[in-house]
Amino acid sequence: MKKLVALLLCGVLAAASLTGCGSSESGENGEVYVYNWGEYIDPETLTMFEEETGIKVVYDEFDTNEAMYPKVAAGSSAYDVICPSDYMIEKMIDNDLLQELNFDNMPNAKANIGAQYYEQSKAFDPENKYSVPYCWGTVGILYNTNMVKEPVNSWSILWDEKYADNILMQSSVRDAFMVALKLKGYSMNSVDASELTDAKDALIAQKPLVQAYVIDQVRDKMIGGEAAIGVIYSGEAIYTQRENPDLEYVIPKEGTNVWIDSWVIPKNAPNRENAEKFIDFMCRGDIALMNFEYITYSTPNTAAQALIEDEDIRNSKIAFPDLSQYSGLETFSYLGEEGDELYNSLWKEVMSE
Amino acid sequence: MNKKLLSAPFLFWSALFIIIPLCMVFYYGFTDKDGAFTLSNIMAIATPEHSKAFFEAVKLSLLSTVICFFLAYPLAMILANLKGKRSSLIALIFILPMWMNFLLRTLAWQTLLEKTGVINSILGFLGLPALNIINTPGAIVLGMVYNFLPFMVLPIYNVLCKIDVNVLNAARDLGANEAQAFLKVTLPLSVPGIISGITMVFVPALTTFVISTILGGSKILLIGNVIEQEFTQTGNWHLGSGLSIVLMMFIIFNMVISAITDKEGDTNAL
Amino acid sequence: MIRNITRKIYICLIFIFLYAPIVTLMVLSFNASKTRSKWGGFTLKWYKSLFENEAIIQALINTLAIAFLSALIATVIGTIACISMQSMKKRNRTILMGVVNIPMLNAEIVTGISLMLLFISLGIKFGFLTVLLAHITFNIPYVILSVMPRMKQLNPSTYEAALDLGASHLKAFFKVVFPDIFPGILSGFVMAFTMSLDDFIITHFTKGPGIHTLSTKIYTEVKKGIKPEMYALSTIIFVSVLALLILVNYTPKKKEK
């Protein structure tokens, strides 16, 4: 036993001494601290950025907006660039955590990002002062054509008893309520108590039919044929179709959530100039294309869209739907603490049912 | 050598890294958004959703603790009876699975249990009826037992190893049969290990949220899920802290009771 | 005879229960398809890309270093605490045991956020050190909980006998007490090491930018699907630890006192 411990000790000490060196040198032009979603960038683009600019990228990842927020708000670590989602950006603006961007330093961000995406961003960043769109998408229904023989075009299929125990719902509060609110014809940013109660009752009625409430496992479960219908983000839909051609994605006629994840610079960013260089680099057509191909989430970068070689993807209705064809599209906005609490307590009633 | 002095590093450590953070939790738990004193975060446990989630969690974690105990005790006995160096190797083999990441292991159970998963494929191949356990309380209990079983085995095993064989032999010489020797000697002597084991299984099982999310399909709300949600989704740290305090009090209350039952402690001081 | 067989069957059943998911993970590491739920044929490509992935290797090194150091320091502090607690009055000891258990009682996220706030107010730079401090904190209870039962079983008269025979306190401790509680210390260490390997939430809130452990890597990957490289890495870790165990166990015994 003692020998084992001794062996372990040697191994780990050797490993620890390796960590000591290697990671501390900084780039000739300083550093940039990036805080992004996990697996949300092609690592190759980071290397290219470092080589071209001489700025060292210190890259960090988060798994939910809510796990990111307290770290930035409390200032435990100072990041230069962050990539939160729409409603979270609004919350950060409200709490005075972001600084205005200087678009003159970011020509690519001005030229390459489609105007309609800036237009959409106004839902959470009314004057387009704080954010540059990085990825966007819709939320819709993914269904297995072997199990669902009828045409799917409405959220109401998620309440169809034929598919009892074959339905996957989103487990995050806002996403789940979005489905019910849209079904009932309300706004997904509603804070009206009677509308929300209506939605809550619908969700409770749906619960016996639901196989599981999930976030990220929709993908794996749908590919494996574990369920017939799931609520999913469009970026995942492209990936699941590649793995299982029986799957079909549809945006329901009642409308849905159009979400945007955007680059922002927090107030306490130590390397503001480098941060703008980084954002601008990510907006370059070829770089945005690399990222799109790596993560399969739709890019708002028109230059990159033009560069896509695979015609199926370039014309894909999932990756680049013509949003003018749909009605009832909305983007989440921050509802304030009271709004959040209302949603949360209603959701708890659904979950504990 | 002054024994009191020996406790200094630990006391210092606990004061800095345990007591101060704990005070912060209490601060949040007893205040509202404006920083005014309130009991509402504590009383929130009484609302139907919260109390249901609480009792559900108590029920499932008690059940898994009991199952863990009945699985672990015989195992620990068998291991303790294997003489020599090999027994510690085998004991290590039983915690080795824990060196694989918790999330990966739990996801692996999902792969095994799913409707179209590995176990059902095997059952189907053998012409047996499918097992429909995924997304039920049963799957959550299974996940808890799986993840926390080693915490029950180790302390019991440690204690059993230390029991003097002569005491057992004496009991037998005095006419006790196997069952009596076990009930009158082995079991009482292993109580400290059992208590450690129960604490180490029951407490994490009570506060878990990952297992109920992955194996229970989030269809059953546990108090751990509620607390986690307050912190990560609503951002209402006050309510989250208040509910944690209730949970903490509940566990401390139980431990005090077990400490009173554990009278052994006094006579054996070093 | 029958008893022996029953025992073996019992051990085997538990063994299967504990290892079924591990085997699943190992099989998945050879799966050519990127998803968990589909078998796409046998491949070794994940192993190859694992070794080319510097970030994962760096995360592995960090994880091991943090797990080892935190477990070691926690074991020292915890064991000393156990010894000192033995000589305390029962009431003080009960209070202290209560304190010991607090990190286990709190939901992890509560511990994580409160430690983060503490480090901010102390002005410590977030990085390796803060993660290490946090891990030591939540590891101590596991050490104490496994050393304590052994301690309670000690016969105090052997220690006193050693003193009477002229041994110093220190010598008496290392010659008499230590060997008796060593298995408890060891299992405490192993448990602490294990807990540290697995922790995600507390690490997330106490780490600085650019520092990764395997858990933080795996959890952030969940959103886009866990990369099969992680399965490959788990398999390698598992197999090498197992090999190490067997090696240590079967090397011919040299003379150990």
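**View 1. An open three-stranded sheet in chain A, strand order E2-E1-E3, paired in parallel.** This is a predicted model, as are all the views below. Strand E2 (56–62) and strand E3 (81–82) of chain A sit at the edges with a single partner strand each, so each has one side with no neighbour in the sheet. Strand E1 (residues 31–37) of chain A runs parallel to E2(A), and seven bridges hold the pair together.

**View 2. Strand E4 of chain A and the strands it pairs with.** How many of the residues of strand E4 (residues 132–144) of chain A are buried? The count is 13 of the 13, so the strand is largely enclosed by the rest of the structure. E4(A) pairs with strand E9 (residues 258–263) of chain A through six bridges, and the two run antiparallel. Look for A:Gly137 here, which stands opposite A:Trp259 in E9(A). E4(A) also pairs with E7(A), again in the antiparallel sense, over five bridges. Strand E8 (residues 247–250) of chain A is another antiparallel partner of E4(A), this time over four bridges. A:Tyr143 is a handy landmark: A:Ile229 stands opposite it in E7(A), and A:Glu248 is its bridge partner in E8(A).

**View 3. Strand E5 of chain A, covered on both faces.** In general, side chains in a regular strand alternate between the two faces of the sheet. In strand E5 (residues 167–170) of chain A, A:Ile167 and A:Met169 are on one side, A:Leu168 and A:Gln170 are on the other, and all of them are buried. E5(A) runs parallel to strand E6 (residues 210–214) of chain A, joined by four bridges. Two bridges link E5(A) to strand E7 (residues 229–233) of chain A, also in parallel. Which residues does A:Ile167 meet in these strands? Its bridge partner in E6(A) is A:Val210, and it stands opposite A:Ile229 in E7(A).

View 4. A:Ser121 belongs to helix H6 (residues 115–121) of chain A. Is this serine, A:Ser121, buried or exposed? It is buried, because 24 other C-beta atoms lie within 10 Å, and 20 or more is enough to count as buried. Setting aside neighbours within four places in sequence, A:Ser121 contacts A:Asn128, A:Ser131, A:Pro133, A:Ile260 and A:Ser262. A:Asp261 is 140 residues away from A:Ser121 in sequence, but their C-alpha atoms are 9.6 Å apart in space.

**View 5. Chain C, built from 11 helices and zero strands.** Its pattern along the sequence is α-α-α-α-α-α-α-α-α-α-α. The C-alpha trace of chain C spans about 70 × 65 × 35 Å along its principal axes. Of the 257 residues in chain C, 51% are buried. Take the contacts in chain C between residues at least 6 apart in sequence: 78% of them join residues at least 24 apart. The domain assignment gives chain C a domain 1 (1–43 + 228–257) and a domain 2 (59–153 + 186–226). The C-alpha centres of domain 1 and domain 2 of chain C are 26 Å apart.

**View 6. Helices H7 and H8 of chain C, packed at an angle of about 145°.** Helix H7 (residues 156–164) and helix H8 (residues 169–198) of chain C have their axes 9 Å apart. Their crossing is right-handed. H7(C) brings C:Thr158, C:Tyr159, C:Ala162 and C:Leu163 to the contact, and H8(C) brings C:Ala172, C:Lys175, C:Val176 and C:Val177. By class, the residues of this contact are six nonpolar, one polar and one charged.

**View 7. Where chain C touches chain A.** On the chain C side 32 residues take part, in contact with 38 residues of chain A. Helix H3 (54–86), helix H5 (108–122), helix H9 (201–206), helix H10 (214–221) and helix H11 (228–250) of chain C each contribute at least two residues to the side that touches chain A. What is the make-up of that side of chain C by class? It has 18 nonpolar, nine polar and five charged residues.

Methods: Residues are numbered from 1 along each chain as its sequence is written. Chains are lettered from A and ligands numbered from 1 in the order in which they are written. This is a predicted model: local features need pLDDT of at least 70, side-chain atom pairs count only at pLDDT 80 or more; totals for chains, interfaces and linings use all residues. Domain bounds come from an automatic or database domain assignment. Two residues are in contact if their C-beta atoms, placed from the backbone, lie within 7 Å. Ala, Val, Leu, Ile, Met, Phe, Trp, Tyr, Cys and Pro count as nonpolar, Asp, Glu, Lys and Arg as charged, and the others, Gly among them, as polar. Axes are lines fitted to C-alpha atoms, for helices over the stretch in contact, and angles run from 0 to 180 degrees between N-to-C directions. A crossing is left-handed if the near helix is turned anticlockwise from the far one by less than a right angle, and right-handed if clockwise. Two strands pair if DSSP finds at least two bridges between them. A residue is buried if 20 or more other C-beta atoms lie within 10 Å of its own, exposed if 12 or fewer, and partly exposed in between; C-beta atoms are placed from the backbone.
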